[in-house]
Amino acid sequence: MRRRHFLSAGLATAGAAALPAHASDASLGAAFSRVRPDTPGWPTKAEWAQLRRAVGGRLAPVALPDLSSPGARAGLSNPFYLADQPGLTESSGWLDGWRSSPSAYAVDARTSADVSAAVNFAREKNLRLVVKGRGHSYLGQSNAPDSLLVWLRHMDDVVVHDEFRPAGSDASPVPAVSCGGGAMWLHAYEAVTGKGGRYVQGGGCTTVGVAGLVQGGGFGTFSKGFGTAGASLLEAEIVTADGHLRVVNSVREPELFWALKGGGGGSFGVLTRITLATHDLPSEFGAAQMTILAHSNEAFRRLIAGLVGHYATSLFNRHWGGEISATPFNVLRIDMAFQGLTADAARAAWSSFVDFVTINAADYHVYAPLRVVALPARDFWNAEALRRFAPTAVQFDPREGASATDFWWSGNTEEAGTFWHAYTSAWLPASLLKPENQSTFVDAWFSASRHWDVAFHLNKGLAGAPESALAATRDTPMNPDATDAFALAIVAANGPQVFGGLPHDLASARARATQVQAAMKALRAAAPNTGAYVNECDYFQEDWQRAFWGPNYRRLLAVKRRYDPEGLFTVHHGVGSEGWSADGFTRT
């Protein structure tokens, strides 16, 4: 699956040491269940009215839009429309895992006080609570029927700072950007890069929420040069399970601050505002693309080997990210991005690989010759420039009254409302690029590609990044495998939306899921023990605590127990969720 198309510390730590690696929250209290609309204890109309008054009238029941209307059906492929509907999510579900379902009620939060009121109400009334900014969680972590939804969509302000110093800190001020809990990356990029001439490390998809990405660690197109989004976090405002608004940073409640840099969204509280350091902007951003068909299996294996060797010697550095994929039809797709290089320098970096393909022309058909494009980095998210010079690379929100600058990359269209059949990921250690290990790696990649498309997201492994980016990312909860990996392997399959019971061919979906798992099993022969990326992973991930966070899980669990001892914030495969039923309603 192609993700996008480009231009063409203290007490908590000490407590954690005594915890078993996969300790359960069950020991925190007796078993009980949260209430549902048809069970005793559900709030009365008068109690809901009290909450409505507390949040300025912005509480309402949640329902799906009328999916029989042409406008709503068309909107299911529009990520902006999906984000504007409290009853929808950016994915519509996961085969045998979850289906997008409206909450019972939603608070349309506009202030931190609104959030606090909702959190207090959920805690006091024993309600299932979920939090949604933009709703991009593949695992359905911002979705639960019969719940109270804290909807942050309209807390979407973006403020750029020439100088920012975290509260209580004596550090020198740095350039930064503050984003509300419902802000999306496109608007952050427009403010920081387009208007400010700097760069903030964020997500590749324009409509992904800033807060959600940061809490998962956060990779984007240019992470190889700048590290993760979480590593750039300077300060956060968060409403915790006690309803208190806390300002946390490296000197104020540092353990909670650390947990927010990659400990997973929806587990520690509701982020209402985050502030990220910004970086010097490279002169240019660009892309290199090429598609090649091999005429035989053996020729395809040699093509893969040639690319692996070429990447190891010429592209394994801070400048290059993006994606390469191999398919069962012996097609190799190259869709890479670069930063800090001119187009000529980027083209030269590919010369020996192009020569290899040319010399062996009898074995290959070049569907798309190497194409390298670059543009001033300041224009990368410039809607007007993209509309004029790269109209096929982007799609604009077509709704009446929509902002003329709101766009998404065309390659992300298939993800809008999608129903996941399967999605797996694995960190690929940089040791696989050593000459003595390349053959084993090539064999595994080739074998995996016999089952399904296998993509390597080279921007999502930080090996080859500058030491400053590596050091900052090591000071986050992410599995250390991420900093040792040159890429994140992703094998996935998806299909049309299933919102509101829309039809789907489940037999075909299960067959595709089987192929995905077979491909990942074959690839795992080269990387059997590495972890996975919490924001992009298998809903059924085994040993998920180790896979997502490795040795950092014990410390994260200590933070969870300190700030949310009763498990108000419970999400699928979130920190502390071992002690809860799959639907998050029953503590076991």
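**View 1. An open sheet of nine strands in a predicted model.** The strand order is β4-β3-β21-β23-β22-β16-β17-β15-β18, with mixed pairing. The edges are β4 (98–99) and β18 (364–376), each pairing on one side only. Strands (E, at least two residues) and helices (H or I, at least four) are DSSP runs, numbered from the N terminus. Two strands pair if DSSP finds at least two bridges between them. Helix α17 packs on this sheet and touches β4, β21, β22 (454–457) and β23. Its direction makes about 0° with that of β21. Contact means heavy atoms within 4.5 Å. Axes are lines fitted to C-alpha atoms, for helices over the stretch in contact, and angles between N-to-C directions run from 0 to 180 degrees.

The model is predicted: local features need pLDDT of at least 70, side-chain atom pairs count only at pLDDT 80 or more, and totals for chains, interfaces and linings use all residues. Residues are numbered from 1 along each chain as its sequence is written, and side-chain values use heavy atoms, with hydrogens and water left out.

**View 2. Strand β21 and its two neighbours.** Buried means under 20% relative accessible area, exposed over 50%, and partly exposed in between (1.4 Å probe, protein chains only). Strand β3 (residues 91–94) pairs with β21 in the parallel sense over three bridges. Here glycine 93 stands opposite phenylalanine 419 of β21. The pairing of β21 with β23 (residues 485–495) is antiparallel and runs over 10 bridges. Tryptophan 420 has asparagine 494 in β23 as its bridge partner. Serine 425 faces isoleucine 490, also in β23.

**View 3. Helix α14 against helix α17.** Helix α14 covers residues 435–449, and α17 covers residues 506–523. Two packed helices are described by the angle between their axes and the distance between the axes. For α14 and α17, the angle is about 170° and the axes lie 7 Å apart. The two helices are therefore roughly antiparallel. Angles over 145 degrees count as roughly antiparallel, under 35 as roughly parallel, 65 to 115 as roughly perpendicular and the rest as oblique. From α14 come Ala444, Trp445, Ser447 and Ala448; from α17 come Ala519, Ala522 and Leu523. The contact residues divide into six nonpolar, one polar and no charged. Ala, Val, Leu, Ile, Met, Phe, Trp, Tyr, Cys and Pro count as nonpolar, Asp, Glu, Lys and Arg as charged, and the others, Gly among them, as polar.

**View 4. Serine 449 in α14.** Serine 449 belongs to helix α14. Its relative accessibility is 0%, so serine 449 counts as buried. Its side chain makes a polar contact with the side chain of arginine 450, at 3.0 Å. A polar contact is a pair of N or O atoms within 3.5 Å; within protein, one must be able to donate a hydrogen and the other to accept it, and residues adjacent in sequence count only if both atoms are side-chain atoms. Not counting residues up to four places away in sequence, serine 449 touches Phe300, Ala326, Thr327, Pro328 and Val454.

View 5. Strand β6 spans residues 129–132. Leu129 and Val131 point one way; Val130 and Lys132 point the other way. All are buried. Four bridges join β6 to strand β7 (residues 148–151), and the two run parallel. Valine 130 stands opposite leucine 149 in β7.

**View 6. Helix α6 and tryptophan 185.** Helix α6 (residues 185–195) is mostly covered, with eight of its 11 residues buried. The buried set is Trp185, Leu186, Ala188, Tyr189, Glu190, Ala191, Val192 and Thr193. Tryptophan 185 has a relative accessible area of 0%. Just after α6, glycine 197 takes a positive phi of about 70°.

**View 7. Helix α19.** Helix α19 (residues 553–563) is mostly covered: eight of its 11 residues are buried. These are Tyr553, Leu556, Leu557, Ala558, Val559, Lys560, Arg561 and Tyr563.

**View 8. The loop at serine 250.** Serine 250 sits in the loop between β12 (245–249) and α9 (254–259). At 47% relative accessibility, serine 250 counts as partly exposed. The C-alpha atoms of serine 250 and arginine 53 are separated by 36 Å; the two residues are 197 residues apart along the chain.
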